[in-house]
Amino acid sequence: LTEVKFNSEMEVELVDSMGDDTSILAAMMVSTMGETAELMRKDPKGISGRLNFLMKNRHGTPFEHGSLQFRVKAPIAVFREWHRHRIGQSYNEESGRYKKLEPEFYIPPSNRPLLQTGKPGEYVMGPIGSKEYNSGVELMKFVFEREYNTYEALLDLGWTREAARGVLGVYIYSSMYVTLNPRSLMSFLSLRTDEPESSFPSKPMWEIEQCARKMEAEFAKIFPYTYEAFNNHGRVAP
Ligand SMILES: Cc1cc2nc3c(=O)[nH]c(=O)nc-3n(C[C@H](O)[C@H](O)[C@H](O)COP(=O)(O)OP(=O)(O)OC[C@H]3O[C@@H](n4cnc5c(N)ncnc54)[C@H](O)[C@@H]3O)c2cc1C
């Protein structure tokens, strides 16, 4: 039997970026300064006030001038939600048709709220008892080992990868690159973080929020004024 690996991490690594807050400022100022807007990159006077003005008045397009590329390793359940974000995010994911999927499955960590109460739209997630947690993890591992070994048995029978993967569940790990601009990242953060300060608080799945928080930390470093304005104006994409 193939040994199956279990993992509880979401990997999000910034691999490349283009631009910073001055790229957005220049894009804004071309409106009134024409080609001399380029001077704003070296002397970004009033940048905080100007980017807050854009955010407050929902002038969103200047925030499209920049780019962040991330490498992500997460369970397929996360990617299934992530790929619903259609606008301004470019994706390339490993293929279950062209390569054999790795024997690695996600196990929710013990600090992940697992007890669901309430009703649709108003669910409350709380901690589950340690006995229930440990029993649940054992059940998951049991199933994941069988899933993966059945997958391999089908491949050994000569089944094509695209059909054999039908026995694998959505907690198997996958990997992708995602490239997005600050505006689309703000749209993603707005929906995929649970932030009480937000004008429209969201209740995302815990695992996708772990990814969103890692992206948020990189965004805050590269685009600090934009990030500040995003928070000042309710964490809504302009
Ligand atoms: C807490 C939560 C629960 C969810 N539950 C469900 C669920 O039960 N079932 C389900 O199917 N999905 C669910 N979703 C996914 C959700 O419906 C969206 O698909 C996802 O959040 C992406 O949002 P978006 O369309 O705004 O993003 P993007 O696709 O990136 O679009 C960004 C913006 O572009 C504009 N836009 C994009 N496409 C169009 C279009 N065709 N027409 C007009 N304007 C457009 C809109 O302004 C949109 O907000 C859930 C999401 C969250 C955060």
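The model is predicted, so local features need pLDDT of at least 70 and side-chain atom pairs count only at pLDDT 80 or more, while totals for chains, interfaces and linings use all residues; side-chain values use heavy atoms, with hydrogens and water left out.

**Stop 1: Glu207**

Select Glu207 in helix H8, residues 206-222. Helices here are DSSP runs of H or I with at least four residues, strands are runs of E with at least two, and both are numbered from the N terminus. Glu207 has a relative accessibility of 1% and counts as buried (buried is under 20% relative accessible area, exposed is over 50%, and partly exposed is in between, using a 1.4 Å probe and protein chains only).

Now show what surrounds Glu207. Apart from neighbours within four places in sequence, Glu207 is in contact with Met10, Val78, Tyr106, Arg112 and Tyr171, where contact means heavy atoms within 4.5 Å. Pick out Tyr106 next: its side chain and that of Glu207 are joined by a polar contact of 2.7 Å (a pair of N or O atoms within 3.5 Å; within protein, one must be able to donate a hydrogen and the other to accept it, and residues adjacent in sequence count only if both atoms are side-chain atoms). Then try Arg112, which is 95 residues from Glu207 in sequence, with 8.6 Å between their C-alpha atoms.

**Stop 2: the nonpolar core**

Select Phe70, Val72, Val78, Trp82 and Met215: of the 56 residues in the largest nonpolar core, these touch the most other members. Such a core is a set of buried Ala, Val, Leu, Ile, Met, Phe, Trp, Tyr and Cys residues joined through side-chain atoms within 4.5 Å. Zoom in on Val72, whose contacts beyond four places in sequence include Glu11, Val12, Phe79, Trp82 and Met176.

**Stop 3: Asn149**

Move to helix H5 and select Asn149. Asn149 is buried, with a relative accessible area of 15%. Beyond residues up to four places away in sequence, Asn149 touches Leu1 and Thr2.

**Stop 4: two loop residues**

Ile128 is in the loop between strand S7 (124-126) and helix H5 (130-156). Its relative accessibility is 32%, so Ile128 counts as partly exposed.

Finish at Tyr98, in the loop between strand S4 (89-93) and strand S5 (104-106). Tyr98 is exposed, at 62% relative accessible area.

Definitions and conventions:
Residues numbered from 1 in each chain as written.
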